[in-house]
Amino acid sequence: MSYQQNNYYTSRRQQNWSRNQNTTRYVSAIKLGPVAHTVLIALMITVLGLIYLTQATRATGYDYESQRINSQIAELNEEKADLQIENARLTALETIKNSAVAREMTAPASTAFVE
Amino acid sequence: MNLELQKGSRSRILAAVILIIVAIFVARLFYLQVIRHDYYVELAASEQQSRFTIPASRGLIYAKSGENTVPLAMNQTVYTVFADPQTVTEKEEITTALRDIAGGNIRKDFEKLLDVPDSRYQILATKLTRVQADKLKEKNFSGIGFQENSQRVYPEGNLAGQVLGFVNAEGVGSYGIEGYLNEDLEGQDGLLQAVTDVGNVPLTIGNNNVRIPKQDGKNVVLTIDRNVQSKVEEALKAAADRTGATNVSGVVIDPKTGKVLAMANLPSYSPGEYFKVSNVGVFNNNVISGPYEPGSTIKAFTMAAGIDTNAIRASDRFNNTDSIRVQDRVISNATKGITGNITFETAMQWSLNTGFVTIAQRLGDGEQITREARETMYEYFAERFRLGQPTGIELSSEAAGSIVAPSQPTGNEVRYSNMSFGQGMEATMLQVAAGFGALVNGGSFYKPTIIDGFITENGFEQIEEADPVEKGLVKPSTSNEIRRVLTEARRAGFPGVDRSGYNIGGKTGTSQVIVDGEYSSTQTTASYIGYGGADTPEYVIMVQVSGKDKVFQGARDALPIFTDISNWMIDYLKIQPKG
């Protein structure tokens with residue numbers, strides 16, 4: 001009878017896994033009943049709701065800020081338009097013609113071109 | 001003990017009742033949430049959401065001032081002050097504040113409006129400026145509100161009133177460029193649809209918010225030069241004072257581009273105060289909407305047709321007897337005594353009708369204005385120089401005028417003999433000026449335009465100068481010859497009126513006016529059309545003087561207006577003299 005030896009290859013990685021494997025199983029001493037579970041879930045939902053509300057309120061806060069800035073822009077644009085109109089009125093030909101400086105001006109007797 | 005529900009037991013009945021109630025709830029909820037879904041969604045949206053219009057700003061209108069642009073039409077925010085008489089408490093304080101701050105903007109007897117019973121809205125003052133409104137707002141009166149409105153303002157006052165038109169109380173542009181470009185100028189309002197809070201402040205929460213941005217109107221830059229326009233208006237005013245004319249009009253165009261540099265009429269109005277005008281006829285721009293018989297100014301076109309078709313030369317002669325018979329009519333000259341064998345050039349200088357009827361005859365067989373002659377005249381007048389048809393200028397209410405074709409029963413020899421000196425046909429001043437521009441610029445017709453470009457976010461964007469609509473209306477040699485004839489006619493007829501060293505030429509016109517179906521002998525319209533420049537024409541000016549039951553003459557009443565504007569234009573355009 002002949003003896004036959006079988007060699008099985010085991011990778012080093014597999015060996016390492018085995019090395020770190022827990023050999024003891026720990027079981028928590030705290031037991032949660034169905035009521036505790038329900039309360040926890042309710043609390044989680046409440047926290048999520050509060051987070052949502054905080055974000056929504058923050059967005060609304062930005063709306064008010066945006067509205068305030070828009071009003072400010074509109075007001076400044078209005079002010080700018082008023083100033084532009086005033087500028088246009090002050091530089092209108094009729095205003096210039098009636099100005100004290102224009103009234104002192106005289107028409108040239110003749111004009112000539114420089115070569 | 002048997003816990004199972006027994007048939008007919010109270011528990012079983014209760015279960016059945018609960019089941020029925022639940023079923024009713026389910027059915028009702030199904031009805032509300034599924035069947036009436038759209039209705040309630042809409043109802044909720046209408047309560048939670050608001051729609052805001054984002055008003056577009058009306059585009060501004062600018063004129064040129066040399067190389068710069070200056071605003072002619074702008075927008076200003078003004079305020080209407082209103083009261084809710086039922087909530088007003090400080091009547092005396094409000095009355096005093098309005099008198100002190102609003103001044104002339106308050107409504108007559110506005111104090112009484114504060115006591116109108118059963119009213120919740122009374123307008124106390126209108127068109128307050130922002131500063132005035134801010135001062136009133138500071139007082140914080142209860143029952144007083146402010147409403148913002150946009151108002152069109154015209155900082156140059158009356159300048160170019162009929163070119164601009166106006167914006168009416170409904171915000172719609174009427175007449176002029178305001179009317180013609182109303183859609184482009186008014187832009188498109190934007191829309192904001194959003195959930196709002198109690199203060200009607202739009203919030204970003206919600207899934208159905210809509211924001212369509214506004215599109216402001218286009219800012220238009222006109223070809224009108226403010227300084228030329230002002231000079232023309234000044235010259236027209238002086239002419240009206242000098243001649244006693246009730247209607248005076250003028251137009252200046254650049255013959256090299258067709259751009260209108262000035263266009264004015266008297267009487268005029270201020271576009272910002274259009275509501276003060278009692279005669280709506282003043283809104284019409286006579287230069288483009290008042291076709292008339294241009295009279296002898298058309299003689300330049302008749303001579304051009306004759307020279308261009310080789311029917312005549314300016315130096316050719318004809319026998320002038322101060323009258324000429326055409327069928328059963330006798331046509332006479334206004335100026336008598338230049339009789340004998342004279343040239344057509346002399347006929348132009350003295351504006352002799354007989355000479356131009358002769359040219360019309362020579363376009364045919366030399367004896368009569370044949371159908372062939374009439375066809376040629378029609379081709380030159382209507383098809384080449386585009387008289388009697390709208391020019392397509394970007395202003396509202398442009399009129400066509402009329403040139404009767406030879407194919408029509410009234411397009412006969414008598415009519416065409418009259419047309420040779422500008423009667424029996426109707427054209428607007430702008431049509432005549434545009435045609436004349438082509439006649440003196442070498443034969444290229446440019447469509448008259450009043451839009452130079454647009455002001456965008458990138459600044460002024462000028463419209464590329466258009467190519468002529470048609471080249472070769474007349475041969476360059478014809479154009480040169482007409483310029484020479486008109487210049488010589490002006491020098492000989494009116495020596496010393498022009499600055500020396502320039503080519504200034506033109507033609508007078510004195511046309512009879514049809515009153516009650518017949519040519520009146522007590523009412524005439526005076527015109528003058530001419531050009532100026534050194535070697536090439538730089539400007540074309542046409543003026544017209546008229547008035548009810550008044551006789552005006554082209555040389556006496558219209559020519560001085562041209563001369564005044566022309567001499568000023570030479571300085572303004574800095575045109576160097578010849579040589």
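In which loop of chain B does B:S397 lie? In this predicted model, B:S397 sits in the loop that runs between α14 (371-384) and α15 (413-419) of chain B. Its phi is near 65 degrees, a positive value in a residue other than glycine. With 16 C-beta neighbours inside 10 Å, B:S397 counts as partly exposed. B:N140 is another residue other than glycine with a positive phi, in this case near 55 degrees. B:N140 belongs to the loop between α5 and β5 of chain B, and it is exposed, having 8 other C-beta atoms within 10 Å. For context, most residues other than glycine have a negative phi, and most peptide bonds are trans. On the peptide-bond side, the link from B:L266 to B:P267 is cis, with omega near 0 degrees. That proline is found in the loop between β13 (260-266) and α10 (286-289) of chain B.

Stepping back to the whole chain, chain B has 18 helices and 22 strands. Of its 579 residues, 45% count as buried. Its C-alpha trace spans about 145 × 65 × 50 Å along the principal axes. The radius of gyration is 35 Å, whereas a compact globule of 579 residues would come out near 25 Å.

What about the inside? The largest nonpolar core has 118 residues, and B:V251 and B:A433 are the ones with the most contacts inside it. Helix α16 (residues 429-440) of chain B supplies the largest share of this core, nine residues. Leaving aside neighbours within four places in sequence, B:A433 is in contact with B:V251, B:I253, B:I529, B:V540 and B:M542. There is also a second, separate core of 15 residues, with B:Y79, B:L124, B:L136 and B:F141 among them.

B:I94, B:L98, B:I101 and B:A102 are buried in α3(B). Seen down the helix axis, these buried residues fall within an arc of 85 degrees, so they line one face of α3(B). The general rule behind such patterns is that an α-helix has 3.6 residues a turn, so residues three or four places apart point the same way. Turned away from the buried side of α3(B) are the exposed residues B:E92, B:E93, B:T96, B:R99 and B:D100. The cover over the buried residues includes β3, α4 (110-113), β4 (122-128), α5 (130-139) and β5 (144-153) of chain B.

Chain A is another story. It has four helices and zero strands, and 3% of its 115 residues count as buried. As for the interface, 21 residues of chain B are in contact with 18 residues of chain A. On the chain B side, the elements giving two or more residues are β3 (68-83), β9 (202-203) and α9 (226-243). Of these, β3(B) gives the most, with five residues. By class, that side has ten nonpolar, seven polar and four charged residues.

Definitions and conventions:
Residues are numbered from 1 along each chain as its sequence is written. Chains are lettered from A and ligands numbered from 1 in the order in which they are written. This is a predicted model: local features need pLDDT of at least 70, side-chain atom pairs count only at pLDDT 80 or more; totals for chains, interfaces and linings use all residues. A nonpolar core is a set of buried Ala, Val, Leu, Ile, Met, Phe, Trp, Tyr and Cys residues joined through C-beta atoms within 7 Å. A residue is buried if 20 or more other C-beta atoms lie within 10 Å of its own, exposed if 12 or fewer, and partly exposed in between; C-beta atoms are placed from the backbone. Two residues are in contact if their C-beta atoms, placed from the backbone, lie within 7 Å. Ala, Val, Leu, Ile, Met, Phe, Trp, Tyr, Cys and Pro count as nonpolar, Asp, Glu, Lys and Arg as charged, and the others, Gly among them, as polar. The arc is that of the directions from the helix axis to the C-beta atoms. The radius of gyration is taken over C-alpha atoms; the globule rule is 2.2 Å times the number of residues to the power 0.38.
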